[in-house]
Amino acid sequence: MSAVRLLLLSLLCALFVSLCHGACSEVDSDTEAVAGKGFKLGCISCKMRPEVEASATVDWYFKAKGEADYAHIYNYDEEGQHVVDERFEDRVDWNGSKRSQDIQDASIYLFNVTFNDSGTYRCFFHRLLTYEFYEYQTVVSKVVHLTVVAKATRGTASIVSEVMMYVSIIGLQAWLYIEMVYCFRKISAAGEEALRESANAEYLAIASESKDNCAGVQVAE
């Protein structure tokens, strides 16, 4: 029984480690780009249940300042990226999740930003969740309001976003450490208990054998 508990605790620890390694943190995108420079449009959507298998495709839309409608500018799926709007031809590259159809980071990178790139961007996750007996389709969207300036001015939002990112990373690492220490202590305690039970069982077996031998001697007499 103790061996079973020990095995279950080991599996639990492995599960904690795997979940923490796959942890996702939603961080808002920066919103100020410098003309002539590159800029990352951030878009992250974490699954509520990391253990569920999923696949996703991504679409980006752009509405320039003064315009009323959004234009489809970019698509990313299992076949790769597709630049839809000629205004962004050769100026956009995928900067999100790689080597996985389970996309949770749909960020893209803009090269040679111009003042005409100022406006509102929306990214859409078309996610298919695969359960044991059925599939479920969800759509999640994120909005980024981008302002292009001639010279970099680091705003409060950018600083807060960066601080929150580092806090999230440190928090996840601390959580992993605590869970690992907890699991290892449980495993150690279970191992010691198993040794004690084994020693007690051996002692009882020896005592029983001795008792039987004594009884045999008395009968012989």
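Q: Where does serine 29 lie?
A: Serine 29 belongs to the loop between helix H1 (2-21) and strand E1 (32-34). Helices (H or I, at least four residues) and strands (E, at least two) are DSSP runs, numbered from the N terminus. The model is a predicted one, in which local features need pLDDT of at least 70 and side-chain atom pairs count only at pLDDT 80 or more, while totals for chains, interfaces and linings use all residues. Residues are numbered from 1 along each chain as its sequence is written, and side-chain values use heavy atoms, with hydrogens and water left out.

Q: Why is serine 29 called buried?
A: Its relative accessible area is 14%. Buried means under 20% relative accessible area, exposed over 50% and partly exposed in between (1.4 Å probe, protein chains only). Serine 29 is therefore classed as buried.

Q: Which residues are in contact with serine 29, leaving aside its neighbours within four places in sequence?
A: They are Phe39, Lys40, Leu41, Gly42 and Val144. Contact here means heavy atoms within 4.5 Å.

Q: What makes the approach of serine 29 to glycine 42 a polar contact?
A: A polar atom of the serine 29 side chain lies 2.9 Å from the backbone nitrogen of glycine 42. A polar contact is a pair of N or O atoms within 3.5 Å; within protein, one must be able to donate a hydrogen and the other to accept it, and residues adjacent in sequence count only if both atoms are side-chain atoms.

Q: Why is the pair of cysteine 43 and cysteine 123 said to tie together separate parts?
A: Cysteine 43 is in the loop between E2 and E3, whereas cysteine 123 is in strand E8, so the pair joins parts 80 residues apart in sequence.

Q: What makes cysteine 43 and cysteine 123 count as buried?
A: Cysteine 43 has 1% relative accessibility and therefore counts as buried. Cysteine 123 likewise counts as buried, at 1% relative accessibility.

Q: What is meant by the largest nonpolar core, and how many residues has it?
A: A nonpolar core is a set of buried Ala, Val, Leu, Ile, Met, Phe, Trp, Tyr and Cys residues joined through side-chain atoms within 4.5 Å. The largest such set has 26 residues, and those with the most contacts inside it are Leu41, Trp60 and Tyr121. Elements giving two or more residues to this core include strand E2 (39-41), strand E3 (53-64) and strand E8 (119-130). E3 gives the most, with five residues. Beyond its neighbours within four places in sequence, tryptophan 60 is in contact with residues that include Leu41, Cys43, Tyr121 and Cys123.

Q: How do you know that E3 and E4 pair?
A: Two strands pair if DSSP finds at least two bridges between them. Five bridges join E3 to E4, and the two run antiparallel. In one of these pairs of residues, aspartate 59 has asparagine 75 in E4 as its bridge partner. E3 and E4 form a hairpin with six residues between them, and glycine 66 in the turn has a positive phi of about 90°.

Q: What makes E4 mostly covered?
A: Five of the seven residues of E4 are buried.

Q: Which strands stand at the edges of the six-strand sheet?
A: The order of this open sheet is E1-E9-E8-E3-E4-E5, with mixed pairing. E1 and E5 are the edge strands, since each pairs on one side only. Within the sheet, E8 and E9 pair in the antiparallel sense over 12 bridges.

Q: Why are E2 and E6 said to stand at the edges of their sheet?
A: The open sheet of three strands has the order E2-E7-E6, with antiparallel pairing. E2 and E6 each have a single partner strand, so one side of each lacks a neighbour in the sheet. Three bridges join E2 to E7, and phenylalanine 39 stands opposite leucine 110 in E7.
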